[in-house]
Amino acid sequence: MPKMKTKSSCKKRFKVTASGRIKAGQAGKRHGMIKRTNKFIRDARGTTVLAKADEQIIKPMMPYAR
């Protein structure tokens, strides 16, 4: 059986936590920060854990990250 390939875009953008959840960077912080509220900027720091529905899309693309 040949090796399965990991999607390159996923290995660059996502990490798997110890409990098996998918960790990703916060969206919406690339540009246009002037119009964003201070609360949005503060809450969007660091990383976030994806929702279950999004996890089910990403996990098959990362077969060895479990």
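Q: Which residues gather in a patch of positive charge on the surface?
A: In this predicted model, the patch brings together Lys11, Lys12, Arg13 and Arg30. One of them, Lys11, is found in helix 1, residues 8-13.

Q: What makes this patch one of positive charge?
A: Its members are Lys and Arg residues, and Lys and Arg count as positive, so the patch is called positive.

Q: Why is the contact of Glu55 with Arg21 called a salt bridge?
A: The side chains of Glu55 and Arg21 meet at 2.4 Å, N to O. The cut-off is 4 Å between a nitrogen of Lys or Arg and a carboxyl oxygen of Asp or Glu, so the pair qualifies. Glu55 lies in helix 3 (residues 52-58) and Arg21 in the loop between strand 1 and strand 2, 34 residues apart, so distant parts of the chain are linked. The whole structure has three salt bridges.

Q: How do you know that strand 1 and strand 2 pair?
A: They are joined in the antiparallel sense over three bridges, and at least two are needed, so they count as paired. Here Lys15 stands opposite Lys23 in strand 2.

Q: Why do strand 1 and strand 3 stand at the edges?
A: The open sheet has the order 1-2-3. Strand 1 (14-16) and strand 3 (47-49) each have a single partner strand, so one side of each lacks a neighbour in the sheet. From one strand to the next, the twist averages 30°.

Definitions and conventions:
Residues numbered from 1 in each chain as written. Predicted model: local features only at pLDDT ≥ 70, side-chain atom pairs only at ≥ 80, totals over all residues. Heavy atoms only, no water. Patch = residues over 30% accessible without salt bridge, like charges linked within 9 Å, V, L, I, M, F, W, Y side chains within 5 Å. Areas by Shrake-Rupley, 256 points an atom, 1.4 Å probe, with all protein chains shown as cover. Charge placed at Lys NZ, Arg CZ, Asp CG, Glu CD. Helix = DSSP H or I, 4+ residues; strand = E, 2+ residues; numbered from the N terminus. Axes fitted to C-alpha atoms, helices over the stretch in contact; angles between N-to-C directions.
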